Amino acid sequence: MQDKDRIISIHYNSIYTRLLELDLPNVMPLEIKELCHNLVLFQRDESYQLNIPKEGICLVINFEKNYSTSTSRNIFDQSWISEKASNGNLLLENVFEIDKMGNSHLDKAEAGEKLISPVEISNFSIETSSCIIVQIIGNSQTIYFKGRPITDIPDVFSLNMYRSYNYKIPVSEYIKILKKYENYFEKRGRKSIFWKSKAKYLLIDSPEVHFIDDMYNWLCRNVSNAQIDEECLNASSNDRLDVRLTELTSGHLFIFEVKWIGKSKGSNYDGKTAFKRAISGVIQLENYLNEESNCVMAGLVLYDARKDKQELEWNKHSPWQEKIHFPPFVIALNPESSSTLASEKSRKRYKH
Amino acid sequence: MNLISLPEISEISVENYSLFKEDFNYKFKSGLNLFIGANGLGKTTTTSLIIFGLIGFTSPLDKKFKIDTDYFASRATVDTDISPPSVEIIFSVKENKFSVKRNLITGDIIHLIFNGSDYDINEYDDLILLHTNISDKLDIAILLEFLLIREEEGNYLLWDFQQQSHILQILITDIKFRAKYQKAFNEFSSYAIENNHFTDTNLSKPRKKLRELEGLKEEALKSKKSSKSVQDLNKELKIKIGKKDKLISEKKEVIKTIEYLISTLKKHEGDEILISAEQSRISDKIGDYESVFFSGIYIDDRTKSIYHKLKHYSICMFCNSTLNKETTKNIINKVERNHKCPVCESGLKKEESRKVDVEQLAIEINELEKEFNALKKREEKILEITNKKRIEIQTSNLNLDRITFELNEISLDILEIETKLKNLTSPEDKLTDYDIEIRLIKKNILFFEKELKNRKVDEEKLKSRITKLNNDLTKQVNSNLAEINKIFTNLSKLYFNESCRLEVASKKIPGTSQVRDIKQAYYVPYFDEKMRTMEKHCSTSQRIFLEYLFRLSLLKFYSSKVKFPPFLVLETSEGAFDLSSTKQLGNSFVSFKNDPLKLILITNFSKPDFLKILAKGTKSKKSILNYLDFCRLNNGQLEDIKQYTQIITDVISTK
Amino acid sequence: MSFLPSNIEISNDVLYILNSSDKKNRSNISKLGLQKIIYLANSFAAVKDIILSTIRFVIEKRGPYSKEIQNSVDQLVAFGFVDIDFQSNSNKKYSLANYSITDAGRIVVKNLLLLNKEKEKSWWLDLTTRLSIIYSEQLELDEKSSNKGLNNIVKLVYQDLSFIDAKENGYFRSSIDLKNKDSLSFNLVSFTKRIVESNEKLKNKNEYFIAEHVVITLFEFLYSKYIDSKNAG
């Protein structure tokens, strides 16, 4: 039985399948597989590792094009990256368009573009549905399609971890899953993708999408037996923003509603409003439960980006529906590392 | 009226009978005869001797008679050396004189003299019957044992009405009467019994059985009535027949369908075979083409050039040696002629000589493959169809089985209903199982009832006959009453009772119910204003007295009607009387002194006075038989002999 | 005159494999690799009902082995359709070798591909070969790996259900029946196909697309099993 579960998990949650499901034109599964493989090899190769560009590389893979000519270069050749790095071109431009085989569009560094932030990349990729953008920064690799990160490999050297089945957790142990995610996100939360101004504890505009994407990708890597879907109908305040896990064998549905509290441009959920905002998420879950009969558990995942992380008095809201997990999962967001925070605190304390 | 002729005894002689000391002889006189002797001297035996002498042993005739074949032998020891003990009786019937001598032991008649001549002893019975006009030897015995001779403890005719009636029938009616009466009585009685038995066997039992069967028939009919009526059954029948027809047509349909399916199946199977044949043809062809194709593709230049160098230049490409022609030829032959591998000499496939147009072949092969695949698809389709058809056929067959089964069931149901209907509607079949038997029994009963009716008619006839005869008898008895009474009342008035007379009573004969309503008339004594119909109505002495008087009266009456007087032997029981009665009795006997009737009185020595009176009644000394003269006295009696002798002397001296 | 390979079918298959790696400019196919690629091709053949040649695999020291394959490739070498490159010859009986296709072989393949049936087989073997190469390279990234290149594929083959079943229930040199429709591999392949086909997002893809996806999933399955077994053991 485990073999069959393994197959199911691979089929639904592997990176490769997700790419396949994008319905990219003019490509066969084997080619996608080879592409993924080449990308990993590329990143792990010595020539890259010795020349890691600070701001990363963005590969725009255009499936409709075929850039294979007598003079074209294939970026998956070992020499290509070392050449580029040694030329110093990567500082000027880091966006390269290739075809599915890896053949480069232009060999010349002409009108190079530079994409750094995810936002930029997102915006860039929205335009086309026949391209994917692979952002290679350090050891992480993220593939964007139509503005959303489709796959997210934090560390290409740890891929085996994600491809193991035993390592993953079944969805029924969702508490364990979310605990693990909390731990994972501690480091993650420091990333600039989330913060507009770290010092001011100011999040980027509409950070919820990024939260959800992050959780979604993480779940895909860490849940063994569920199909994971993200729902992001409207990124404004009160619309649906959830991740749904469907246990494959039973059909049981687990819903996580994502809400954030803190400060971002245009919204300020702090103090009392934080609680209200949080509870609105709970109420939304109650609505979902009425609609969905398969739903076995619903939970609120609250990304807490406040500077002053006060305890939220959950007991004030009653009655608490049985199927809604209590208390909600609070994922702490801190722009600084805990050590920095700690030293800051101690500095403050011992200042006086 | 013709009456029977009673024998008149004349003389008795007893010889060689050891009961007596000597032989003795006595001639009977008319009037009173006295036999005197002590008890146990053989007086009672003498009465038996008289009877025996006249008709032989009586017990064999009827067990009520007393003289059995051992009678005389048992009373005395018999010495067979000397001549047998015998008794000779000389008597007469009317004018005819009989002399019969019988062997006391065997009962055989030693000699018979009739009217002076010797007669065949075997004819004695017929002779006596003829002359007495008595119809039966039994009657003679009855007369002798119950009327003419009475021992001391003898029977009472007055209170045994059946016996009396029997004797009256013989004595006071016509000679033929008794026989007629007896016959009619027996006939009627036995017929009546027979009819009873007949009724019982042929009617009572069958009637009982008939009742039983009729009861059972009732029950059976009742249960029939509770079942359905004719109308309902007809309705049911109609429905069932309708169903049956439907089933039959259904069956026809199904059979048609099956036939059709089978034919189409056959067709498809035929197609299958064709396709399969075509497939194998094509695949063979493909195989052939392929082998040519492959041989065309695998053009092996290296081996070719090696071979070429060897063949044409005799140089081995591997080691660069030059070979001589011989060696080269050998190697070449191995390959080309013998088709053997030059390295290991295994067999090789033959080479295709012609040039192969690979592309053309490829096209053709592809075409064939397409064809083959198309055929395969067709085959699959046909297989689907044939499978479906097969399933349909199977289903239809099952259906057919079901319909056939249902048809059978319905046919049975229809048969059942039809039978039921028949039972209810056809008249002669309103029968139950019992009717036949009932009819049979009824028939039998009717038959027997008819027969019984006839029998009853006959029975009535017989009954009327006996009734008539009985009435005649009664009439006779009644009509004789006055005369007998004259004698009787005279005798009784003088010596017994003034009011005593005879009356006629009648009693039903005990026996079967049929003869119960025949009442036989008989005489009963009447005195002191009472009819003494039972023995207990009189005292012992009265009884004896009356019995003597009755017998005397009857015989006297009888003798008044006939020419020849009978005899009467009475053994007196004067012990039963008191003194005065004894005197009376004695006088009553004495009155017969001059009577033609021979009255023989057997007395003992107990009442000497009585003897003296009786002696007066005798005509002479010769009328007295003294047993002391010839009897054997035992030691006890020897002592009294003096006494006895004295009495006798006194008695005789009065003469 | 010409010498024909005694087993055309296997010879064709071998040529397809070598041709595939040739097209990808990858290194030559090793003896071992060749065996394993053909094994996997047979094990997963149920995906597309490819009628492959009847090859008898036997469990040997280094996993399933078929001498028919070895003989075919040797014959092809003799005829000059395949190039052999000896890696080592130290062991008298057992030698390591790599194979690559020659020009003559390439021409044979070109001609073979004229036949539709052969085209399909070629596609299938090409798919298996390329995936085997990919996964071998991934496996080689594992530092502990002592195998070189395509030989790493052995690790995946050891995870094959039919092979495990035969090894556990059979004996040394027992044969593995890959045509058996009741075999575990067959069941797994059917199951995977069902899962893929039921994925709504892949509904309108053609059968080759589906087939490739199924095979990739199966390879990934073996790989995932291998990782877990490595972590556990």
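Predicted model: local features only at pLDDT ≥ 70, side-chain atom pairs only at ≥ 80, totals over all residues.
Figure 1. C:I153 is placed in helix α6 of chain C, which covers residues 153-157. Leaving aside residues up to four places away in sequence, C:I153 touches C:G33, C:K36 and C:I37, and also C:S132, C:Y135 and C:S136. The view may also include C:I133, which is 20 residues from C:I153 in sequence and 7.9 Å from C:I153 in space, C-alpha to C-alpha.

**Figure 2. The interface of chain B with chain C.** In the contact between these two chains, 21 residues of chain B meet 16 residues of chain C. On the side of chain B that touches chain C, at least two residues each are supplied by α7 (230-297), α8 (301-313), α9 (325-336) and α10 (358-425) of chain B. The largest share of that side is supplied by α10(B), with 6 residues. By residue type, the side of chain B that touches chain C is made up of 9 nonpolar, 3 polar and 9 charged residues.

**Figure 3. The interface of chain C with chain A.** Here 25 residues of chain C are in contact with 24 residues of chain A. Two or more residues of the side of chain C that touches chain A come from each of α5 (116-140), α8 (184-198) and α9 (207-232) of chain C, and α9(C) gives the most, with 12 residues. The residues on this side of chain C divide into 13 nonpolar, 6 polar and 6 charged. Among the contacts in chain A with a separation of 6 or more, 65% are between residues 24 or more positions apart.

**Figure 4. Packing of helices α1 and α4 of chain B.** Helix α1 (residues 43-55) and helix α4 (residues 137-148) of chain B pack with their axes 10 Å apart and at an angle of about 165 degrees. Since angles over 145 degrees count as roughly antiparallel, α1(B) and α4(B) are therefore roughly antiparallel to each other. The crossing in which α1(B) passes α4(B) is right-handed. From α1(B), the contact is made by B:I51, B:L54 and B:I55, and from α4(B) by B:K137, B:I140, B:A141, B:L144 and B:E145. Of the residues in this contact, 6 are nonpolar, none is polar and 2 are charged. Helix α4(B) is largely enclosed by the rest of the structure, because 10 of its 12 residues are buried. The buried residues of α4(B) include B:I140, B:A141, B:L144 and B:E145, and also B:D139 and B:F146.

Figure 5. Strand β12 (residues 567-571) of chain B is mostly covered, 5 of its 5 residues being buried. Both of its faces are covered, with B:F567, B:V569 and B:E571 buried on one side and B:L568 and B:L570 buried on the other. In a regular strand the side chains alternate between the two faces of the sheet. Strand β8 (residues 149-150) of chain B runs parallel to β12(B) and is joined to β12(B) by 2 bridges, with B:R150 standing opposite B:L570. Strand β13 (residues 598-603) of chain B also runs parallel to β12(B), to which 5 bridges join it, and here B:F567 stands opposite B:K598.

**Figure 6. The open sheet β9-β10-β11 of chain B.** In this view 3 strands of chain B form an open sheet in the order β9-β10-β11, with antiparallel pairing. Strands β9 (501-508) and β11 (530-531) of chain B stand at the edges, where each has a single partner strand, so one side of each is left without a neighbour in the sheet. The antiparallel strands β9(B) and β10(B), the latter covering residues 519-527, are joined by 8 bridges, and B:Y522 in β10(B) is the bridge partner of B:A505. Helix α11 (residues 435-495) of chain B packs on the sheet, where it touches β9 and β10 of chain B, and its direction makes about 160 degrees with that of β9(B).

How values were computed
Residues numbered from 1 in each chain as written. Chains lettered and ligands numbered in written order. Helix = DSSP H or I, 4+ residues; strand = E, 2+ residues; numbered from the N terminus. Contact = placed C-beta atoms within 7 Å. Nonpolar A, V, L, I, M, F, W, Y, C, P; charged D, E, K, R; others polar. Axes fitted to C-alpha atoms, helices over the stretch in contact; angles between N-to-C directions. Parallel < 35°, antiparallel > 145°, perpendicular 65-115°, else oblique. Left-handed = near helix turned anticlockwise from the far one by under 90°. Buried ≥ 20, exposed ≤ 12 C-beta atoms within 10 Å, placed from the backbone. Pairing = 2+ DSSP bridges.
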